[in-house]
Amino acid sequence: MTSERVEVVEDGRTARRDRNREAVLDAVVELFTEDSLTPTAQDVAERSGVSLRSVYRYYEDLDELARAAIAHHVQRVDPLFELDD
């Protein structure tokens, strides 16, 4: 029985979309840390370097964007709080 190795190849558009989504989330977190707790989509677009249209393509509304940014940040910092036994 032969085992075939399946490789997932990510095309350039998918990679760019993923980078842009992460840039949007990072921009929201940066704005939060600068005491802008209710950033506009335009603020996020300018900070992240993506178009306003892309911000709304990735996230339906600002509430969804805020939740995603918070979850993204928690996932990033969570390992810092793990206790060593």
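Guide: The protein exposes about 6900 Å², and carbon and sulfur atoms supply 49% of that area; accessible areas come from the Shrake-Rupley method with a 1.4 Å probe, and for residues only the protein chains shown count as cover. This is a predicted model, in which local features need pLDDT of at least 70 and side-chain atom pairs count only at pLDDT 80 or more, while totals for chains, interfaces and linings use all residues. Residues are numbered from 1 along each chain as its sequence is written, and side-chain values use heavy atoms, with hydrogens and water left out.

The protein has four helices and zero strands; these are DSSP runs, numbered from the N terminus, of at least four residues for helices (H or I) and at least two for strands (E). Of the 85 residues, 24% are buried. Here buried means under 20% relative accessible area, exposed means over 50%, and partly exposed lies in between (1.4 Å probe, protein chains only).

We now turn to the charged pairs. Side chains of opposite charge can pair when their charged atoms come close. The structure holds six salt bridges, a salt bridge being a side-chain nitrogen of Lys or Arg within 4 Å of a carboxyl oxygen of Asp or Glu.

One of them joins Asp-18 to Arg-17, with the closest N and O atoms 3.3 Å apart. Asp-18 counts as partly exposed because its relative accessibility is 32%, and Arg-17, at 38%, is likewise partly exposed.

Another salt bridge pairs Arg-76 with Glu-22, the closest N and O atoms being 3.1 Å apart. Arg-76 lies in helix 4 (residues 62–77) and Glu-22 in helix 1, so this pair ties together parts that are 54 residues apart in sequence. Arg-76 has 44% relative accessibility and therefore counts as partly exposed; Glu-22, at 36%, is also partly exposed.

A further salt bridge links Arg-47 and Glu-34, whose closest N and O atoms are 2.8 Å apart. This pair connects distant parts of the chain, with Arg-47 in helix 2 and Glu-34 in the loop between helix 1 and helix 2, 13 residues apart. Arg-47 is partly exposed at 36% relative accessibility, and Glu-34 is partly exposed at 47%. Finally, salt bridges that share partners join Glu-22, Asp-26 and Arg-76 into one network.
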